[in-house]
Amino acid sequence: MGSIQVNNLGKAYKQYPSRWSRLAEWLTPGNTLRHQLKWVLKDINFKVESGEAVGIIGINGAGKSTLLKLITGTAQPTTGNVSISGQVAALLELGMGFHPDFTGRQNAIMAGQLLGMTAQEVTDLMPQIVAFAEIGEYIESPVRVYSSGMQMRLAFSVATVKRPDVLIVDEALSVGDAYFQHKSFERIRDFRLKGTTLLIVSHDKAAIQSVCDRAILLDAGRVAKEGAPEDVMDFYNALIAEREDSTVRQLTLADGKVQTVSGTGEASIESVDLLDCDGNSLSLVAVGQTIQIRIAVSAHQDLDGLVLGCGIKDRLGQMIFGTNTFNTGQQLSCIRAGESYIFNIYCLANLGVGSYSVHASLVRTQSHIEKNYHWIDGALVFEVFNKDKLDFVGCSWNEMSFEIKKTAE
């Protein structure tokens with residue numbers, strides 16, 4: 001089985017004030033330094049245990065791709081080291097290295113050999129490669145006539161035709177069509193169930209939370225947060241929303257849940273309550289029951305716009321449904337400091353059995369990117385149980401009727 005150990009990893013590039021400074025440094029006796037180091041990664045430490053799945057997230061430029069290049073050995077670190085055990089398959093830039101004048105079959109054989117397989121082994125596995133890639137007769141055509149999606153299909157199929165001990169995936173699958181993305185992630189999940197150690201970089205929150213045991217947030221080349229995927233993704237979203245004097249903090253509640261809070265504080269959410277139709281407090285909700293989410297809001301400064309957002313997340317932190325008062329045409333304007341409001345939100349709990357949480361936010365317009373006054377993930381947690389519906393599976397409830405007709409023999 002495979003594992004990954006990263007110790008004090010760092011990567012820096014030399015920056016010279018001019019090209020002549022570079023030349024002068026080479027020619028000047030005494031090794032006089034005329035450059036400065038620009039650190040893109042520094043003090044990175046973590047371990048991925050055998051059979052564990054870890055997700056790497058962060059904004060563009062945070063150092064995610066550089067980190068994977070250092071781990072896979074395609075770039076050399078300035079400090080630290082990486083230790084990997086087991087057979088490794090890395091999907092960093094799918095199709096990179098394919099020769100445009102060679103056929104898909106020839107490129108597949110070469111790519112397979114780079115992954116450690118023999119030419120005969122790749123030839124024997126070729127029917128499986130072609131079947132999964134679904135490129136048909138194009139396997140005998142030069143790669144120059146392939147679309148980027150076809151190249152990605154072939155490269156992914158070659159890299160995963162055999163289950164590796166360690167699978168490292170960058171944002172490689174984002175170029176594929178929706179069908180192949182689903183198909184690829186199913187193969188990744190299958191590897192995961194069979195014990196493959198997984199390290200994946202993705203901006204897809206659902207992918208990270210559904211596949212990974214743990215997540216690592218990179219910010220400005222350093223590890224900013226590490227922990228459960230839901231907690232790290234909430235912290236990441238709060239960082240994106242952070243503007244001006246806003247702060248991001250995470251609170252551990254009495255039940256062990258982690259609540260992420262951020263915002264400028266110009267307006268605040270004072271309370272979030274879950275009620276039934278009669279105004280009674282709820283912690284258990286029946287499938288399909290009408291519920292009321294009551295949110296109390298206070299303004300601490302004059303505001304030209306105020307929008308309340310509300311959503312329901314599942315236990316993995318994936319949004320089941322959410323909207324805001326901008327989308328419903330109920331945005332408030334000309335808010336005065338000291339004013340307070342009660343928002344009553346009514347909906348049907350058409351949810352599957354399980355644990356859910358309520359997300360609430362106060363923003364200026366339709367998005368938290370421009371101005372985030374107050375943002376709370378995990379404002380409250382409730383359980384859904386099946387009281388009077390037929391048994392079903394899934395995260396949402398939708399009544400189905402079956403019509404059965406016997407046809408003639």
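User: How do helix α5 and helix α6 pack, and at what angle?

Analyst: In this predicted model, helix α5 (residues 148–159) packs with helix α6 (residues 178–193) at an angle of about 10°, and their axes are 12 Å apart. Two packed helices are described by the angle between their axes and the distance between the axes. Angles under 35 degrees count as roughly parallel, and α5 and α6 are therefore roughly parallel to each other.

User: Which residues of α5 meet which residues in α6?

Analyst: From α5 come Met 152, Arg 153, Phe 156 and Ser 157; in α6 they meet Tyr 179, Phe 180, Ser 184, Arg 187 and Ile 188. Sorted by class, this contact has five nonpolar, two polar and two charged residues.

User: Is Arg 214 buried or exposed?

Analyst: Buried means under 20% relative accessible area. Arg 214 has 15%, so Arg 214 is buried. Arg 214 lies in strand β8 (residues 214–219). The side chain of Arg 214 is joined to that of Glu 226 by a polar contact of 2.3 Å. Beyond its neighbours within four places in sequence, Arg 214 is in contact with residues including Lys 47, Glu 52, Gly 227 and Pro 229.

User: Which value of phi does Asn 8 have, and what is phi of Cys 334?

Analyst: Asn 8 is not a glycine, yet has a positive phi of about 50°. Asn 8 is placed in strand β1 (residues 3–15) and is partly exposed, at 37% relative accessibility. Cys 334 also is a residue other than glycine with a positive phi, near 55°. Cys 334 sits in the loop between β16 (319–324) and β17 (340–348) and, at 54% relative accessibility, counts as exposed.

Note on methods:
Residues are numbered from 1 along each chain as its sequence is written. This is a predicted model: local features need pLDDT of at least 70, side-chain atom pairs count only at pLDDT 80 or more; totals for chains, interfaces and linings use all residues. Side-chain values use heavy atoms; hydrogens and water are left out. Helices (H or I, at least four residues) and strands (E, at least two) are DSSP runs, numbered from the N terminus. Buried means under 20% relative accessible area, exposed over 50%, partly exposed in between (1.4 Å probe, protein chains only). A polar contact is a pair of N or O atoms within 3.5 Å; within protein, one must be able to donate a hydrogen and the other to accept it, and residues adjacent in sequence count only if both atoms are side-chain atoms. Contact means heavy atoms within 4.5 Å. Axes are lines fitted to C-alpha atoms, for helices over the stretch in contact, and angles run from 0 to 180 degrees between N-to-C directions. Angles under 35 degrees count as roughly parallel, over 145 as roughly antiparallel, 65 to 115 as roughly perpendicular and the rest as oblique. Ala, Val, Leu, Ile, Met, Phe, Trp, Tyr, Cys and Pro count as nonpolar, Asp, Glu, Lys and Arg as charged, and the others, Gly among them, as polar.
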